[in-house]
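Please open the model in a viewer and keep the selection tool ready.

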Amino acid sequence: MNKHATRLRRAKKTRARIADLNIVRLCVFRTNNHIYAQVISSNGEQVLASASTVEADVRTQLKSSSNIEAAMLIGKRIAEKAKAVGINSVAFDRSGFQYHGRVKALAEAARENGLSF
């Protein structure tokens, strides 16, 4: 198996466990250049809130969109958007990525700004 296939296998297992809980999930995806976060409904059919480093508002605030500082900003924005929709508790879906670096920074920033998971 290659790195991509093993990441997708881990992501599939995590999403199956979250689906059993029937809870809203905070899904994170990262690339070399950007980081994305979405709050997805418990049935998985609807995106309730989203934030990413691709957004024009975010791009003007950051020097680089691929560092921990950018991930912290996205964590803060996704927490604010989720709270605006009325969501305070989510399950964290790291999409098979290690809980380290940018993924960890996003999660901690979301927790600090009011999301619980």
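**The end of helix α4**

Select G114 to begin: this glycine follows α4 and has a positive phi, near 110°. The model is a predicted one, in which local features need pLDDT of at least 70 and side-chain atom pairs count only at pLDDT 80 or more, while totals for chains, interfaces and linings use all residues. Residues are numbered from 1 along each chain as its sequence is written, and side-chain values use heavy atoms, with hydrogens and water left out. Helices (H or I, at least four residues) and strands (E, at least two) are DSSP runs, numbered from the N terminus.

**Back along α4**

Next, select α4 itself, residues 102-112. Its buried residues are R102, V103, A105, L106, A107, A109 and A110; buried means under 20% relative accessible area, exposed over 50%, and partly exposed in between (1.4 Å probe, protein chains only). These buried residues pack against β1 (25-30), β2 (35-40), α3 and β4 (91-93). Contact here means heavy atoms within 4.5 Å.

**The α3 and α4 pair**

Two packed helices are described by the angle between their axes and the distance between the axes. Axes are lines fitted to C-alpha atoms, for helices over the stretch in contact, and angles run from 0 to 180 degrees between N-to-C directions. The crossing of α3 past α4 is right-handed, meaning that the near helix is turned clockwise from the far one by less than a right angle. On the α3 side the contact is made by I68, A71, M72, I74, G75, K76 and A79, and on the α4 side by R102, A105, L106, A109 and A110. By class, this contact holds 9 nonpolar, 1 polar and 2 charged residues. Ala, Val, Leu, Ile, Met, Phe, Trp, Tyr, Cys and Pro count as nonpolar, Asp, Glu, Lys and Arg as charged, and the others, Gly among them, as polar.

**The largest pocket**

Which residues line the largest pocket? Select K3, H4, T6, R7, R10, R30, G96, F97, Q98, H100, R102 and V103. The space within is about 230 Å³. On a 1 Å grid over the protein atoms alone, a pocket is an open set of points with protein on both sides within 12 Å along at least five of seven lines, and lining residues have an atom within 4 Å of a point. Grid points are joined across faces, edges and corners, and the volume is the space filled by probe spheres set on the points. The largest share of the lining, 5 residues, comes from α1. The lining divides into 2 nonpolar, 5 polar and 5 charged residues.

**Two positive phi values**

Select N22 in the loop between α1 and β1. N22 is not a glycine, yet its phi is positive, about 55°. Its relative accessibility is 52%, so N22 counts as exposed. Then move to S95, in the loop between β4 and α4, where phi is also positive, near 60°. S95 is buried, with a relative accessible area of 2%.

Finish with I18 in helix α1, which is buried at a relative accessible area of 7%. Beyond residues up to four places away in sequence, I18 touches I23, R25, A91, F92 and D93. L48, in strand β3 (residues 47-52), counts as partly exposed because its relative accessibility is 28%. V85 is 37 residues from L48 in sequence, with a C-alpha to C-alpha separation of 7.3 Å.

Conventions: 1 Å grid on protein atoms, 1.4 Å probe; cavity = no way out; pocket = protein on both sides within 12 Å on 5 of 7 lines; lining within 4 Å.
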